[in-house]
Amino acid sequence: MLPPVVDVSWLREHRGEVVLADVRWYLDGRSGRVAYDAGHLPGAVFVDLDRTLAAHAGPGTGRHPLPEPEVFAAGMAALGIGDDDPVVAYDDAGGVVAARLVWLLRVTGHDAALLDGGTAAWDGPLEQAVPERAPAVFTPRPWPADRLAGVDDVLDPAAVVLDARDPERYRGEREPVDPRAGHVPGAVNVPARANLGADDRFRPVEQLRATFAAAGVTRDSDVVAYCGSGVTACHDLLALELAGLPQGRLHPGSWSQYSTDPDRPVAVGDRPS
């Protein structure tokens, strides 16, 4: 099984053994596909987050609900990714978007890892050609219930709840896309971007462990992670795994689901409650 994160040196050594996946996507509406077409790592296929890694947004489900397993499987198969193909995914944001694909694959028993540093770490040429891969067989597998959390779970005082959004959104100072500003009472802000250094690579394991310890995570914790729509929270979950801490659960609806109900409690400011 691949570790949750591999570096460029590892990729060069094992390039012929993995499928490389470009998962660029932008909250501001820019097209990840346009970025891919302008230049991507050699041999990489493009994975569309909105079409393959999420279902359509609906009332009470959030902006990026999990896709049906059959939709996810069909998307992988069409890209030439089969049941037994290891996948290395990247983006141009330190993996905070590509983590969604890696997490979905890993929790369903597939071999997948993030490319540490993504495009910023790649020191070779880029290409514009779209690789031709024959359709593969990718068997749908249900999302494991023990790796998912709902609204009741993020309000459970026994859980350690991590909010992976940027600090400004956590504090309620701005909310560009969702109905209300603030955070779930009791949630601790561990921004996905804070898992990374200035070079967009993961910080040393010891530093990650210290960050999670400061958030209240122990080896016995029931950890639930959420973000705006269940994408960047996957980065926190992979960072937990990289740090050797307990596997957490993803709240797929995240703040985009939670904040739609005006009766749900909301906290603002730096403190969890």
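Helices (H or I, at least four residues) and strands (E, at least two) are taken here as DSSP runs, numbered from the N terminus. The structure is a predicted model, in which local features need pLDDT of at least 70 and side-chain atom pairs count only at pLDDT 80 or more, whereas totals for chains, interfaces and linings use all residues. Residues are numbered from 1 along each chain as its sequence is written, and side-chain values use heavy atoms, with hydrogens and water left out.

The secondary structure of the chain amounts to ten helices and nine strands. The radius of gyration, taken over C-alpha atoms, is 18 Å, close to the 19 Å given by the globule rule for 273 residues, so the chain is as compact as a globular protein of that length. The rule itself is 2.2 Å times the number of residues to the power 0.38. Along the principal axes, the C-alpha atoms fill a box of roughly 50 × 40 × 30 Å. Residues are classed as buried under 20% relative accessible area, as exposed over 50%, and as partly exposed in between (1.4 Å probe, protein chains only). By this criterion, 52% of the 273 residues are buried. A contact is defined by heavy atoms within 4.5 Å; among contacts between residues at least 6 apart in sequence, 78% join residues at least 24 apart.

The chain exposes about 11600 Å², of which carbon and sulfur atoms supply 51%. Accessible areas were computed by the Shrake-Rupley method with a 1.4 Å probe, and for residues only the protein chains shown count as cover.

Helix α4 spans residues 69–78, and its buried residues are Pro69, Phe72, Ala73, Gly75, Met76 and Ala77. These buried residues pack against α3 (49–52) and α5 (99–107). Just after α4, glycine 80 adopts a positive phi of about 85°. Helix α5 is mostly covered, with nine of its nine residues buried: Ala99, Arg100, Leu101, Val102, Trp103, Leu104, Leu105, Arg106 and Val107. The partners of these residues are β2 (19–22), α4, β4 (87–90), β5 (112–115), α9 (233–242) and β9 (249–250). Glycine 109, which follows α5, also has a positive phi, near 85°.

In the loop between α5 and β5 lies aspartate 111, which is partly exposed, with a relative accessible area of 22%. Leaving aside neighbours within four places in sequence, aspartate 111 is in contact with Met1, Leu2, Asp85, Pro86 and Val87. Its C-alpha is 14 Å from that of histidine 14, a residue 97 places away in sequence.

Most residues other than glycine have a negative phi. Aspartate 200, which is not a glycine, has a positive phi of about 70°. This aspartate 200 is located in the loop between β7 (188–189) and α8 and is buried, with a relative accessible area of 13%. Serine 254 likewise has a positive phi, near 50°. The position of serine 254 is in helix α10 (residues 254–258), where its relative accessible area of 0% classes it as buried.

Alanine 214 belongs to helix α8 (residues 205–214) and has a relative accessibility of 69%, which counts as exposed. Between alanine 214 and valine 188, 26 residues apart in sequence, the C-alpha to C-alpha distance is 9.4 Å. Glutamine 247 is in the loop between α9 and β9 and is exposed at a relative accessible area of 51%. The C-alpha atoms of glutamine 247 and valine 224 are 9.3 Å apart, with a sequence separation of 23 residues.

A search of the whole structure for disulfides, defined as pairs of cysteine sulfur atoms within 2.5 Å, finds zero. Cysteine 227 is in no disulfide, its nearest cysteine sulfur being that of cysteine 234, 7.0 Å away. For cysteine 234, the closest cysteine sulfur is that of cysteine 227, and the separation of 7.0 Å is too far for a bond. Cysteine 227 is buried at 2% relative accessibility, and cysteine 234 is buried at 0%.
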